[in-house]
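Please keep the sequence and the structure in view while reading.

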Amino acid sequence: MRSFIKISWTLFLLFYCNAIIAQTVNMHLWATGENHNKPVKTVPLLDNYLMKQNGDDIFNRYGHDSRLKTTATGFFYTKKMNGRWWLIDPDGYAGINMAVTSLPDLAEADANAAFEVIRKNGFNGTGNFLGKENMTKVYFSDKRSDKLAYTRRRNFFQNYRIERQKTYQTPTVVKNNPENYVTVFDPEFESFADGFAAVFANYKNERDLLGYFSDNEINFTEDQLKLFLSNLPATDPNYLEAMSFIQSKGLTKEYVLNNYNSLPDLKNEFLTLIMERYYSIVVGSIKKYDPNHLYLGTRLHGKSRDSEVCVTTASKWCDIVSVNYYNYVFPSDQICSPTKWGRWLQQYDKPCMITEFYAKAYNTTYPDQSGAGFYTDDQAGRGIFYQSSCLDVLKSKYYVGWHYFRWQDDLPPKFSNKGMVDPGNKEYTEMTAYMEELNRQVYHLIDYYDNKIYPAEETVDITIPVSQDTYVQLTGDGQSNVYGDNDQLSLSSAGTANGWRDILLQFDLGAYYNIIKNVVDAKVRIHYLSG
């Protein structure tokens with residue numbers, strides 16, 4: 001095996017292409033009471049966009065843009081550069097987190113098969129609802145030179161809501177809909193959150209961990225003041241907080257409840273108090289035990305997603321504001337609208353991430369599929385929806401990624417076509433072809449939207465001997481030998497998972513300093529000699 005490093009440097013040459021005739025495809029989406037037929041652009045049809053044959057050639061091991069390097073901290077963080085938000089990987093490269101959620105609890109071989117499909121389609125991470133939260137770390141990133149980012153979640157309020165019933169009276173109306181009442185004014189909530197966050201100390205040095213969600217879809221709405229005043233006992237700390245709040249305004253309980261719909265400022269101010277208490281306690285607890293990773297919020301949804309107060313307050317505390325995107329044909333109608341989220345985020349200037357979105361293909365066997373996503377005509381329609389949504393996100397400049405919901409369809413008898421694979425793990429290739437097409441072009445698409453032109457590169461090959469191997473998987477004799485001074489190695493894939501082996505090599509580049517100091521890209525070329 002002869003190993004080469006390809007050294008590239010930059011020449012300032014510009015290339016221009018002829019205008020592409022504008023074309024669109026039809027995107028048909030429907031739900032109960034809705035029917036939408038919209039002409040949309042897919043990646044190959046973008047005006048004057050030149051598709052890159054191997055768009056992912058610029059991906060680094062995290063699936064980030066190897067052309068865009070900044071400070072490396074050993075952990076993920078966010079950074080705004082030239083008006084666009086980026087996620088910076090542990091090696092210091094800027095990128096977009098493209099993840100898939102909801103992998104079930106899989107054995108290692110099955111998990112690796114799923115990861116290979118995820119990687120093949122250009123994704124670089126896994127998101128929420130994994131059957132085993134450490135699955136990505138243990139089965140993939142700890143064993144591979146290429147990486148998949150992953151997230152973790154602890155349901156702070158969901159768990160506290162159960163715990164508080166041991167202390168506080170819970171009326172039947174609250175028991176029937178406990179998720180509606182964001183009762184965080186209990187004095188015990190702070191100590192509960194501290195103890196609940198202590199486990200994060202175990203994860204603070206995990207390099208490939210993107211960050212934490214602290215709950216899922218909390219009911220942050222302006223109804224909280226009315227719910228507290230109407231249904232909580234007079235001794236409940238949250239009722240007392242609501243009463244103290246309205247009395248400080250010179251108002252009575254009866255007046256507030258009788259005129260609730262005409263008091264938007266009052267109910268939004270109280271919602272802000274709830275969110276401030278929740279986020280300040282939770283963020284403080286998480287960062288106390290793990291200051292190294294990103295706080296990803298609570299995955300805003302429904303009314304919360306359409307509330308300026310909610311989005312702005314969340315952006316004050318979150319490193320990345322997470323949102324579950326449904327009900328709108330285009331993100332630009334709401335979460336990517338410059339007059340909505342684009343304006344609401346300006347005060348604290350934070351990036352965002354979509355943490356759920358999908359569309360379902362209509363199925364005559366299962367005409368009433370569960371879930372908030374739209375229906376489409378077929379699997380290709382699902383792929384068109386994916387591209388249309390992601391292109392809107394990329395244009396906005398304040399999203400640092402998206403998490404597709406989900407890996408596998410909901411299983412029968414409650415079948416719902418949300419997945420990249422069917423209940424038998426067969427890939428929906430008519431849809432995933434669209435995913436792969438966009439994902440592998442993602443950084444060139446950002447260049448397109450940002451009007452950024454990288455100078456053309458000229459390359460030259462230089463043969464550099466391998467100085468030593470750091471990790472070589474061999475079969476047969478001599479596995480403990482160092483083979484770094486050989487220019488050929490004999491490897492076998494027999495008996496290995498997925499039919500591949502890893503080889504990590506080291507090169508002594510000291511003699512090439514004058515060239516390498518100007519390098520923008522370096523690759524190892526492996527010559528396959530026989531077999």
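Is the crossing in which α3 passes α5 left-handed or right-handed? In this predicted model, α3 passes α5 in a right-handed crossing.

## Helices α3 and α5

Helix α3 covers residues 156-163 and helix α5 covers residues 188-197. The two pack at an angle of about 125°, and their axes lie 10 Å apart. Angles of 65 to 115 degrees count as roughly perpendicular and those over 145 as roughly antiparallel; α3 and α5 are therefore oblique to each other.

On the α3 side, the contact is made by F156, N159, Y160 and E163. On the α5 side, the residues are E188, F189, F192, A193, F196 and A197. By class, this contact of α3 with α5 has 7 nonpolar, 1 polar and 2 charged residues.

## Helix α7 and its two partners

Helix α7 (residues 237-248) takes part in a crossing with helix α9 (residues 264-289). Their axes come within 11 Å and cross at roughly 135°, and α7 and α9 are therefore oblique to each other. The crossing of these two helices is right-handed. Here E241, A242, F245 and I246 of α7 meet L266, E269, F270 and L273 of α9. The contact of α7 with α9 divides into 6 nonpolar, no polar and 2 charged residues.

Helix α6 (residues 224-231) also crosses α7, with axes that come within 9 Å and an angle of roughly 115°. That angle makes α6 roughly perpendicular to α7. In this case α6 passes α7 in a left-handed crossing. The contact is made by L225, F228 and L229 of α6 and by N238, Y239, A242, M243, F245 and I246 of α7. By class, the contact of α6 with α7 has 8 nonpolar, 1 polar and no charged residues.

How many cavities of 30 Å³ or more does the model contain? The count comes to 3. The largest cavity holds about 100 Å³ of space. Its lining has 13 residues, of which R161, R164, T170, V174 and T183 are the closest to its centre. By class, the lining of the largest cavity divides into 6 nonpolar, 4 polar and 3 charged residues.

The second largest cavity holds about 40 Å³ of space. Its lining is formed by Y325, Y326, N327, Y328, F357, Y358, G373, F374 and F385. These lining residues divide into 7 nonpolar, 2 polar and no charged.

## Backbone features in loops

Most residues other than glycine have a negative phi, and most peptide bonds are trans. Several places in this model may be read against that background.

The peptide bond from F405 to R406 is cis, with omega near 20°. R406 lies in the loop between β16 (399-404) and α14 (429-439). A cis peptide bond also joins P412 and P413, with omega of about 10°. P413 is likewise found in the loop between β16 and α14.

N48 shows a positive phi, near 65°, although N48 is a residue other than glycine. N48 is located in the loop between β3 (34-40) and β4 (77-81).

Key: Residues are numbered from 1 along each chain as its sequence is written. This is a predicted model: local features need pLDDT of at least 70, side-chain atom pairs count only at pLDDT 80 or more; totals for chains, interfaces and linings use all residues. Side-chain values use heavy atoms; hydrogens and water are left out. On a 1 Å grid over the protein atoms alone, a cavity is a set of points where a 1.4 Å probe fits but cannot get out, and a pocket is an open set with protein on both sides within 12 Å along at least five of seven lines; lining residues have an atom within 4 Å of a point. Grid points are joined across faces, edges and corners, and a volume is the space filled by probe spheres set on the points. Ala, Val, Leu, Ile, Met, Phe, Trp, Tyr, Cys and Pro count as nonpolar, Asp, Glu, Lys and Arg as charged, and the others, Gly among them, as polar. Axes are lines fitted to C-alpha atoms, for helices over the stretch in contact, and angles run from 0 to 180 degrees between N-to-C directions. Helices (H or I, at least four residues) and strands (E, at least two) are DSSP runs, numbered from the N terminus. Angles under 35 degrees count as roughly parallel, over 145 as roughly antiparallel, 65 to 115 as roughly perpendicular and the rest as oblique. A crossing is left-handed if the near helix is turned anticlockwise from the far one by less than a right angle, and right-handed if clockwise. Contact means heavy atoms within 4.5 Å.
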